[in-house]
Amino acid sequence: MLLASAPARETSAQGWPDHIRFADDWTAIRDSGVSVIVEERPAAQLELAAKPLLMLDPFMWRGRGAPHEAVAALGDLPDALARDIGQLATLFAELMKCGEVRLRLELVDNDSCRKLHADYTDLRLITTYVGRGTQFAPSNQADTDNLLNIGPGDIALVKGWMFAEGHEPCLHRSPPIAGTGERRFLLAIDTPRIDPENRR
């Protein structure tokens with residue numbers, strides 16, 4: 001892992017701040033000193049599986065329900081991609097002890113979510129199948145200097161404002177890509193408890 005401006009990627013979390021924890025054990029998100037968990041994983045096969053969808057116009061597909069129902073609601077996906085989304089949705093639901101999840105599968109070529117922000121939710125899973133991954137503020141303050149970038153394929157569990165009392169939300173953003181010709185293909189998974197679209 002390196003700074004966002006670097007062309008390469010390290011394989012360890014050395015030098016990253018304490019509130020960003022690299023772990024395969026997602027339950028570490030319950031630590032009040034941790035605002036995001038990152039699980040690193042290879043991206044090549046996932047990128048290959050997603051390739052047919054990259055030819056489409058930018059889109060946002062949504063699904064909601066039990067993990068298998070939510071994946072089916074996204075439509076006809078390549079098998080490997082549907083399996084991965086299903087596995088992530090199942091693990092996320094188990095972690096958050098919820099019977100349903102909300103899925104958002106999105107192909108973007110613009111600067112949506114380019115400002116540092118924390119989500120109005122409890123916990124969100126984000127993974128980028130193709131393109132640059134999510135960027136995080138190293139000090140968890142609204143400072144765009146030296147943002148840290150996770151890689152494609154990596155899984156981020158990102159705390160929002162509503163996670164729990166005494167837990168800091170995680171400041172993050174999508175990398176700006178407008179005008180570059182770059183496309184990002186990403187998945188977000190939320191609990192059904194807090195829906196920003198129904199916020200008063």
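Helices here are DSSP runs of H or I with at least four residues, and strands are runs of E with at least two, both numbered from the N terminus. By that criterion the secondary structure of the chain comes to 3 helices and 10 strands, and read along the sequence they follow the pattern β-β-α-β-α-α-β-β-β-β-β-β-β. The model is predicted, so that local features need pLDDT of at least 70 and side-chain atom pairs count only at pLDDT 80 or more, while totals for chains, interfaces and linings use all residues. Residues are numbered from 1 along each chain as its sequence is written, and side-chain values use heavy atoms, with hydrogens and water left out.

## The chain as a whole

The chain exposes about 9,900 Å², of which carbon and sulfur atoms supply 50%; accessible areas come from the Shrake-Rupley method with a 1.4 Å probe, and for residues only the protein chains shown count as cover. Where contact means heavy atoms within 4.5 Å, 77% of the contacts between residues at least 6 apart in sequence join residues at least 24 apart.

Strands of a sheet pair through backbone hydrogen bonds, either parallel or antiparallel.

| Strands | Sense | Bridges |
|---|---|---|
| S3 (residues 59-65) and S4 | antiparallel | 7 bridges |
| S4 and S10 (residues 184-190) | antiparallel | 7 bridges |
| S5 and S10 | antiparallel | 6 bridges |
| S6 (residues 135-136) and S9 | antiparallel | 2 bridges |

In strand S4 (residues 101-108), 8 of the 8 residues are buried, so S4 is largely enclosed by the rest of the structure. Val101, Leu103, Leu105 and Leu107 on one side of S4 and Arg102, Arg104, Glu106 and Val108 on the other are all buried, so that both faces are covered. Arg104 of S4 is the bridge partner of Arg62, and Arg104 has Ala188 as its bridge partner in S10.

Strand S10 is likewise described: 7 of its 7 residues are buried, so S10 too is largely enclosed by the rest of the structure. Arg184, Leu186, Ala188 and Asp190 point one way from S10, Phe185, Leu187 and Ile189 point the other way, and all are buried. Asp190 of S10 is the bridge partner of Arg124.

Thr128 is found in strand S5 (residues 123-130) and counts as buried at 2% relative accessibility. The side chain of Thr128 makes a polar contact with the side chain of Arg184 (3.3 Å); a polar contact is a pair of N or O atoms within 3.5 Å, where within protein one must be able to donate a hydrogen and the other to accept it, and residues adjacent in sequence count only if both atoms are side-chain atoms. Leaving aside neighbours within four places in sequence, the residues in contact with Thr128 include Gly133, Pro152, Asp154, Arg184 and Phe185.

## A three-stranded open sheet

Elsewhere, 3 strands form an open sheet in the order S7-S6-S9, with antiparallel pairing. Strand S7 (148-149) and strand S9 (172-173) stand at the edges, each with a single partner strand, so one side of each is left without a neighbour in the sheet. In S9, Arg173 is the bridge partner of Gln135.

A nonpolar core is a set of buried Ala, Val, Leu, Ile, Met, Phe, Trp, Tyr and Cys residues joined through side-chain atoms within 4.5 Å. The largest such core has 39 residues, and those with the most contacts inside it are Ile85, Phe92, Leu103, Tyr129, Phe185 and Ile189. Helix H1 (44-50), helix H2 (67-73), helix H3 (79-96), S4, S5, strand S8 (155-159) and S10 each supply at least two residues of this core, and the largest share, 8 residues, comes from H3. Apart from this core lies another, of 12 residues, among them Phe22, Val38, Ile150 and Val158.

The buried residues of H3 pack against H1, H2, S4, S5, S8 and S10. Just after H3, Lys97 takes a positive phi of about 55 degrees although Lys97 is not a glycine; this residue is exposed, with a relative accessible area of 66%.

Terms used: Buried < 20%, exposed > 50% of the residue type's maximum accessible area, 1.4 Å probe, protein only. Pairing = 2+ DSSP bridges.
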